[in-house]
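Here are a few friendly notes to read alongside the model. Take a look at the chain first, then follow the points one by one.

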Amino acid sequence: MLALAAGAFFLLRKGGTKLSHALICAGFGFYLADTAVAPSLHTALNSVTGMLGQLG
């Protein structure tokens with residue numbers, strides 16, 4: 001979650017993302033967390049962050 005928060009903060013400050021876009025994405029994330037696909041997304045995100053952690 002910290003990696004996603006850091007990415008969102010970076011995009012908001014440096015990438016030109018508007019606050020309204022970030023809020024819509026956050027709302028969509030909360031919606032997805034309440035669906036049946038949430039465990040698959042969680043597993044995929046853990047895999048990606050694990051690979052990124054091994055690179056650094």
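1. Helices (H or I, at least four residues) and strands (E, at least two) are DSSP runs, numbered from the N terminus.

2. A word on the source: this is a predicted model, where local features need pLDDT of at least 70, side-chain atom pairs count only at pLDDT 80 or more, and totals for chains, interfaces and linings use all residues. Residues are numbered from 1 along each chain as its sequence is written, and side-chain values use heavy atoms, leaving out hydrogens and water.

3. The C-alpha trace spans about 35 × 30 × 10 Å along its principal axes. Of the 56 residues, 2% are buried (under 20% relative accessible area; exposed is over 50% and partly exposed in between, with a 1.4 Å probe and protein chains only).

4. Is M51 buried or exposed? M51 counts as exposed because its relative accessibility is 54%. This residue sits in helix α3, residues 38–55.

5. Now for the largest pocket, which holds about 890 Å³ of space. Closest to its centre, among 22 lining residues, are L4, C25, G29, F30 and L45. A pocket is an open set of points on a 1 Å grid over the protein atoms alone, where a 1.4 Å probe fits, with protein on both sides within 12 Å along at least five of seven lines; lining residues have an atom within 4 Å of a point. Grid points are joined across faces, edges and corners, and the volume is the space filled by probe spheres set on them.

6. Which helix gives the most to that lining? Helix α2 does, with 8 residues, while α1 (2–14), α2 (19–33) and α3 each supply at least two.
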